[in-house]
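I opened this notebook to keep track of what I look up in the structure. The entries follow the order in which I checked things.

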Protein chains: 2
Amino acid sequence: MIVRIDFNSDEAFYIQLCNQIIFGIANAEFREGDNLPSVRELAEDIGINMHTVNKAYTILKQEGYVKLDRRKGTVIAINADKMKAIEELTDDMKVILAKAICKNISCEEIHEIVNKIFYDFLSMDSE
Amino acid sequence: MIVRIDFNSDEAFYIQLCNQIIFGIANAEFREGDNLPSVRELAEDIGINMHTVNKAYTILKQEGYVKLDRRKGTVIAINADKMKAIEELTDDMKVILAKAICKNISCEEIHEIVNKIFYDFLSMDSE
DNA sequence: TTATCTGTTATACTGAATATATAACAAATA
DNA sequence: TATTTGTTATATATTCAGTATAACAGATAA
């Protein structure tokens, strides 16, 4: 998987990194048990500091996307605490749906967008 | 409308303030033309600095939720650039849906959550 | 055993963002 | 005229983001 950092983005590098790896898991470029590059290797590849990569990995671990395997390094391991995931999803969703309502976007339009994003992620699954 | 700041949150005060005002517009506590408290008054009320409130108002203005009325101060005024709103919504939605897919939340479950949030916002409309 | 690789931790530094404080300005209002 | 509006200018303290160098323990491969 190719990870790219947008150095002009206002989003922190470690957040960009977390999100891209989460995208990679969602579209099955990364699967359970796959190992991520080492913090030093990935840092070298994308041109950022080792500690910034380490910070991203630490957050992914805390949030249940990866775990440490002493033999393989950092590997994909989903801890699907669905209750907690739904709570966080709902909180995040409230903010963006409030914005959508303000901007006169309908419930039906939201559903269409959700369907399209879901389809895009899952259709990459089989490639 | 009662605005509260969570001083223990890791979210910046000005972000909390923006989101709460957006919530207020979404559930029709604030309507087109209503005026917000002055930056000094609101700052005094919720116990934060005037410039932090001003920062929130400035962002709300840039993002098309309020405008300046020299007679009434800052008033609710939605600039519904729907194209732009949908683009931003889609970007934000991708991140949270990727997380949802990782945590085995189904497309149907997402739709249910969207419906519930929409219903909650719009049912406050008539109160 | 030795050398290397893994994540991790400690320390230190720079720059940017956040939040506060005091002060002043022009335009509008009472 | 005095007050209120948003706005702008400084200044300061704190935290966050990112980098840099270094070291550590556990696992692995020579």
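How much area is buried between chain A and chain B, and what share of it do carbon and sulfur atoms give? I looked this up before anything else. About 4200 Å² is buried between the two chains, and carbon and sulfur atoms give 80% of that area. I note here that the model is a predicted one.

**Entry: the fold of one chain**

I went through the elements of chain A. I found 5 helices and 2 strands. Read from the N terminus, their order is α-α-α-β-β-α-α. I also looked up the extent of the chain: the C-alpha atoms of chain A fill a box of roughly 50 × 30 × 30 Å along the principal axes.

**Entry: how the two copies are related**

I superposed chain A on chain B. A rotation of 180° with 0.0 Å of shift along its axis does this, with an RMSD of 0.1 Å. The two copies are therefore related as by a two-fold rotation axis. I then asked which C-alpha of chain A is nearest the axis. It is that of His111(A), 3.3 Å from the axis. The contact residues agree with this picture: 100% of those in chain A recur in chain B, and the same surface serves both copies.

**Entry: the interface between the chains**

I counted the residues in contact. There are 42 in chain A and 42 in chain B. For polar contacts between the two chains, I noted 13 residue pairs, both residues of each pair being at pLDDT 80 or more.

Which elements of chain A supply the side that touches chain B? H1, helix H4 (82–102) and helix H5 (107–123) of chain A each supply at least two residues. H4(A) gives the largest share, 16 residues. I sorted the residues of this side by class and got 27 nonpolar, 8 polar and 7 charged.

**Entry: salt bridges**

How many salt bridges cross the interface of chain A and chain B? The rule finds 2 there, and the count over all chains is 4. I looked up the pairs that join the two chains. Glu109(B) and Lys82(A) meet through their side chains at 3.3 Å, N to O. This pair runs from helix H5 (residues 107–123) of chain B to helix H4 of chain A. Glu109(A) forms a salt bridge with Lys82(B), where the closest N and O atoms are 3.3 Å apart.

**Entry: DNA strand C**

I moved on to the DNA. DNA strand C is surrounded by 23 residues, and the closest are Lys61(A), Phe13(B), Tyr14(B), His51(B) and Arg71(B). From chain A they are helix H2 (39–46), helix H3 (50–62) and strand S2 (73–76), and from chain B they are helix H1 (13–26) and helix H3 (50–62). By class, this surface has 8 nonpolar, 8 polar and 7 charged residues.

Which parts of DNA strand C lie within 4 Å of the protein? Of those atoms, 62% belong to sugar or phosphate and the rest to bases. I checked contacts of both kinds. On the phosphate side, a polar side-chain atom of Tyr14(B) is 2.6 Å from a phosphate oxygen. On the base side, an N or O atom in the side chain of Arg40(A) is 3.0 Å from a base nitrogen. For Arg40(B), the distance from a side-chain N or O atom to a base nitrogen of DNA strand C is 3.1 Å.

**Entry: DNA strand D**

I repeated the look-up for DNA strand D. The classes here are 8 nonpolar, 8 polar and 7 charged.

Of the atoms of DNA strand D within 4 Å of the protein, 60% belong to sugar or phosphate and the rest to bases. The side chain of Tyr14(A) has an N or O atom 2.6 Å from one. Lys55(A) places a polar side-chain atom 2.8 Å from a phosphate oxygen. Asn49(A) uses a backbone N or O atom, at 2.9 Å.

Notes:
Residues numbered from 1 in each chain as written. Chains lettered and ligands numbered in written order. Predicted model: local features only at pLDDT ≥ 70, side-chain atom pairs only at ≥ 80, totals over all residues. Heavy atoms only, no water. Near = heavy atom within 4 Å. Polar contact = N/O pair within 3.5 Å; in protein donor to acceptor, adjacent residues only side chain to side chain. Helix = DSSP H or I, 4+ residues; strand = E, 2+ residues; numbered from the N terminus. Nonpolar A, V, L, I, M, F, W, Y, C, P; charged D, E, K, R; others polar. Least-squares fit on C-alpha atoms with pLDDT ≥ 70 in both. Contact = heavy atoms within 4.5 Å. Buried area = accessible area lost by both parts, 1.4 Å probe.
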